[in-house]
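Hi there,

Here is the structure I promised to pass on. Have a look first, and my notes follow below.

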Amino acid sequence: MTDASDVAPALEKLRPQLLKFALLQLRNAAWAEDAVSETLLAALEKPQAFARQSQLKTWLIGILKHKLVDQIRRNCRELSTTSADDEQDFEDELFQADGHWRDAPQDWGDPEHSLRQVEFMQVLEACVDQLPGQQGRLFMMREWLELETEEICKTLQISPTNLWVMLHRARLRLRECLALNWFAGGSKA
Amino acid sequence: MILKRTCKQVSRLILQAEDQALPLKERLAVRLHLWACTACTRFTAQVSLMRKATARWRHYSEDASGD
């Protein structure tokens, strides 16, 4: 990475991956593009850092995370809105009126077996992608950006109860998606 | 009963525990419920797997070799 002529192709190659995560986080194509452009600009301002970066992607993802938080701050009003999908409560489909499970959760088998497989990571990513907008953003802020709940509430100006309800729904949906697309049938689990 | 919880309530508490420590009494109520309930024990294992999977995915997303 010391040769300047290597920098442009290397960044070009990593750009789609950065954009994928920016989109998963922001759920808005224009802001995701901006965050990625800001990331690459910031990287290019430190040419000496390229020489030291044996792991270019790790370094860029680190910058991207900061730029995504900036974008979230900047657009917090728009990013706090929920859709009808976000508001749909999933619990009634899982539980009877008396609080018992409608269908008891299945045994997912040996976790290590699933966790070792790249395909499982791809299914997980697809399931995160399928979360409704606000649930997806909040889930990503919590689990991918690794922000504390207090910080998420402050940044988006939402109440802790609201955050908790959305994360609860996101995790129930994610579980349902994994059950359907990975653990159903027991062929892989 | 003070410590009696339904499966629905326990599932909420288990997910809540992903983001904040539960009050002692709630932890006790959950443990008591899990003692006797296979369905919620499986749910707990599923949530735990999801937590590990998300952590691995995060690591994989940052890894230079990952696509």
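What pattern does chain B follow, read along the sequence? The pattern is α-α-α, and chain B has three helices and zero strands. Helices here are DSSP runs of H or I with at least four residues, strands are runs of E with at least two, and both are numbered from the N terminus.

A word on ground rules: this is a predicted model, where local features need pLDDT of at least 70 and side-chain atom pairs count only at pLDDT 80 or more, while totals for chains, interfaces and linings use all residues. Residues are numbered from 1 along each chain as its sequence is written, and chains are lettered from A and ligands numbered from 1 in the order in which they are written.

Back to chain B. Its radius of gyration is 15 Å, well over the 11 Å that the globule rule gives for 67 residues, so chain B is more spread out than a compact globule. (The radius is taken over C-alpha atoms, and the rule is 2.2 Å times the number of residues to the power 0.38.) The C-alpha trace of chain B spans about 55 × 25 × 15 Å along its principal axes.

Next, where the chains meet. The contact takes 32 residues from chain A and 29 residues from chain B; two residues are in contact if their C-beta atoms, placed from the backbone, lie within 7 Å. On the side of chain A that touches chain B, α12(A) gives the most, with six residues.

Chain A itself is divided into domain 1 (4-77) and domain 2 (84-186), with bounds from an automatic or database domain assignment. Their C-alpha centres lie 26 Å apart. Ten residues of domain 1 of chain A are in contact with eleven residues of domain 2 of chain A.

The largest nonpolar core has 42 residues, and A22(A), A35(A) and L64(A) have the most contacts inside it. Such a core is a set of buried Ala, Val, Leu, Ile, Met, Phe, Trp, Tyr and Cys residues joined through C-beta atoms within 7 Å. Buried means that 20 or more other C-beta atoms lie within 10 Å of a residue's own, with C-beta atoms placed from the backbone. The largest share of this core, seven residues, comes from α12(A). Among the residues that A35(A) touches, not counting those up to four places away in sequence, are A22(A), L64(A) and L68(A).

Best wishes

Note on methods. A residue is buried if 20 or more other C-beta atoms lie within 10 Å of its own, exposed if 12 or fewer, and partly exposed in between; C-beta atoms are placed from the backbone.
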